[in-house]
Amino acid sequence: ALELAAPRSLALVCFAVRSANTGQANVRTRAMLDWLHRDGRLFLTHTVVPDGSAAGRFVLRLAIGSPNTQHLHIEKAWEIVQESLDATKEAGRGAV
């Protein structure tokens, strides 16, 4: 599952894999980003936000603020994000 990693700000949505284990969540979220970039249909950026751990939290950033963005674009982007989540379900297992 995914969760918001920061409050939504205008047209920027920050999210990451939800897990009690930050290491596992970071590995899988990074794997999602790699999958998305290889797939090529959607380009997201990322950041690392402080969360009290040494590594911080690896977060994906989806910007949807173009004046030309339509609801169908957001729906398609979310479908692709969900595909990446499904495709990376083995990533992060066993990470500390």
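Q: In which sense do S3 and S4 pair, and over how many bridges?
A: Strands of a sheet pair through backbone hydrogen bonds, either parallel or antiparallel. Here S3 and S4 pair in the antiparallel sense, over five bridges; pairing requires at least two DSSP bridges between two strands. His46 has Leu60, in S4, as its bridge partner. The model is predicted: local features need pLDDT of at least 70 and side-chain atom pairs 80 or more, while totals for chains, interfaces and linings use all residues. Residues are numbered from 1 along each chain as its sequence is written, and side-chain values use heavy atoms, without hydrogens and water.

Q: What is the strand order of the open sheet?
A: Its four strands follow the order S1-S2-S4-S3, with antiparallel pairing. Strand S1 (2-4) and strand S3 (45-49) are the edge strands, each pairing on one side only. On average, neighbouring strands are turned by 40° against each other, direction ignored. Strands are DSSP runs (E, at least two residues), as are helices (H or I, at least four), numbered from the N terminus.

Q: Which strands does helix H1 lie across?
A: Helix H1 (residues 22-39) lies across S1, strand S2 (12-17), S3 and S4, at about 35° to S4. H2 packs on the sheet, touching S1 and S2, and its direction makes about 125° with that of S1. Contact means heavy atoms within 4.5 Å; axes are lines fitted to C-alpha atoms, for helices over the stretch in contact, with angles from 0 to 180 degrees between N-to-C directions.
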